[in-house]
Structure formats: structure tokens, C-alpha cells
Amino acid sequence: MFGIFKRKKNQEKIKSDFTEKYTEFYKKKFPKLPDATIQKMASKKTEWEMDTQRLKKEDVLSLLKKIELPAIINDLFVENEKSKKLELDDFYRCPSEYFLMTKNEQDHYNVDVIIPFLSDPSFYKIYAYDTTRNGFLTFDIESPDAIEKTERFTWDGIFVSDILFWWECDVEKNRILEYGDVLNLKWVEEILNSIENDLDNSTTASCTDWKNTIYTKYNMIIK
């Protein structure tokens, strides 16, 4: 019983120290903000600091190692100099904002199963791994309800849309092939040839039909 009381007092002390720390930090950073706003921000940051159940960056780094993704994914996630070599950081980055969420906020995205490892530069499109279905998916950060219905793909499958996007943006073919090489994608050249020969136009419907054909041809959908 005394042990429980002691732990509670320790937690209260830690919470108080964090709150004081972040109150002072936000006061210096935003001197014109009202005290009530500063206190709210400090309280939110304290809640985040004390949330030991939230998914952290180091948890994702461990997962990347476990499922043996290409080295460039780790480079992009930690945002080192290697990630800038091919300018892939123009398209992908660490989903840092996700790791500023509490566990309760992350739970909207089924964090116990769906593990994010990349995002687009705007933190809208999230690239993730489903640990129960052993497949990859992308989802919009503003549409967590759609995650369950989203198809799970092989590693190659989640990049089909990106290959099409690069082609539409007039990225040089050799550069796209380089991207495919560092991402360890198998059929980039075949997919580019299919875009040029089989995709009649770039309407939403025709692109969807074309992608479905590619997914089927190369067995990219996880059943």
C-alpha cells in the first residue's frame, strides 16, 4: 500500500516538474499568448511526455529492422544525409507529427496494428505496415475510418501510385528507375512501359482501372 502511495507521489512530482518546465518554455517562446493558453499547451505537452503507451519513433525503427525494409526507408525515417542523395526526401519523410500524439489520439488509427513509417511532405498520405495481415497500406491522416477498408499490398504494391505520380510529374525515367532500385521494387521498368503503352489518359477512372490491372498482374494485393 505504501508502495502505491509512493509511486503516486512520484508521478505527481514528475507531472508538476514537466508542467513547470513547459510553462516556462512556452512563456519564453510565445510571450504574447494569454496565461490560460500557455497552461493548456503545457498541460498537453506534459500529458504527452507522461504517456508511456504511445507509439514512439524508436518502436518504429525496431519494426523497420524486424521486417527488413530497404535501408533507404530507415534513412528517410531518421532524416539523415543519405536520404537526400537521390532527393527522395522530396516525396517522403518521417511522420513526425504522429509521434507527437498521445496513445489515445494514435488509437484513432488503430496504432496497436497499423504502424506508420513514412508520410508525404504534407503529412497527409501515410505509409504503414499492418502487423496482423503482414501487408502494407497507405491512408489519409484525415480519414482514419477508411483504414479498415483499405486494401493491404505487397511492398511493391504501395508504390504503384507513386511511380505513376513521378511519371506524371515528368521525373526522368532513369531517376525513377533509381528510386525503384533503392526502394527494392521489382517491376518499375515494366510499370513505366505499361503507363506509356496501356494508360490511355489520366482520368481518375482510367488510372484506377490501370492500377488494378497492375496489382492483379503482379499479385500485389494481400488477401
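Predicted model: local features only at pLDDT ≥ 70, side-chain atom pairs only at ≥ 80, totals over all residues.
In α3 (57–66), the buried positions are Val60, Leu63 and Leu64. Because these three residues cover an arc of only 100° around the axis, they lie on the same side of α3. An α-helix has 3.6 residues a turn, so residues three or four places apart point the same way. Lys65 and Lys66 are exposed on the other side of α3. The packing partners of the buried residues of α3 are α4, β1 and β2. Glu68 follows α3 and has a positive phi, near 55°.

Helix α4 spans residues 71–78, and its buried residues are Ile72, Ile73, Asp75, Leu76 and Phe77. Among the elements that cover these residues are α3, β1 and α7. After α4 comes Glu79, with a positive phi near 60°.

In helix α7, which comprises residues 173–182, Ile176, Tyr179 and Gly180 are buried. Their arc around the axis is only 100°, which means that they are on the same side of α7. The exposed residues Asn174 and Asp181 are carried on the face of α7 turned away from that buried side. Cover for the buried residues of α7 includes α6 (160–168) and α8 (188–198). Asn184 follows α7, and its phi is positive, near 60°.

Positive phi values also occur at two loop positions. Most residues other than glycine have a negative phi, and most peptide bonds are trans. Phe123, a residue other than glycine, has a positive phi near 55°. Phe123 is located in the loop between β1 (114–119) and β2 (125–130). With a relative accessible area of 11%, Phe123 is buried. Asn219 also has a positive phi, near 50°, and is found in the loop between α9 and β5 (221–222). Asn219 has a relative accessible area of 61% and is therefore exposed.

The number of disulfides is zero. For Cys169, the closest cysteine sulfur is that of Cys207, at 12 Å, which is too far for a bond. Cys207 is accordingly in no disulfide, the sulfur of Cys169 being the nearest cysteine sulfur to its own. The two residues were also assigned to accessibility classes. Cys169 is partly exposed, with a relative accessibility of 41%, whereas Cys207 is buried, at 9% relative accessibility.

Rolling a probe the size of a water molecule over the atoms shows where empty space is left. The largest pocket contains about 270 Å³ of space. Its lining is formed by Lys125, Thr138, Thr150, Glu151, Phe153, Gly157, Ile158, Ser161, Thr208, Lys211, Asn212 and Tyr215. Helix α9 (residues 204–217) contributes the most to this lining, with four residues. Classified by residue type, the lining of the largest pocket comprises three nonpolar, six polar and three charged residues.

One cavity of 30 Å³ or more was found in a search of the whole structure. The space in the largest cavity is about 40 Å³. The residues that line the largest cavity are Asp156, Phe159, Ile163, Leu185, Lys186, Trp187, Val188, Ile191 and Met220.

Conventions. Residues numbered from 1 in each chain as written. Heavy atoms only, no water. 1 Å grid on protein atoms, 1.4 Å probe; cavity = no way out; pocket = protein on both sides within 12 Å on 5 of 7 lines; lining within 4 Å. Points joined across faces, edges and corners; volume = space filled by probe spheres on them. Nonpolar A, V, L, I, M, F, W, Y, C, P; charged D, E, K, R; others polar. Disulfide = S-S within 2.5 Å. Buried < 20%, exposed > 50% of the residue type's maximum accessible area, 1.4 Å probe, protein only. Arc of directions from axis to C-beta. Contact = heavy atoms within 4.5 Å.
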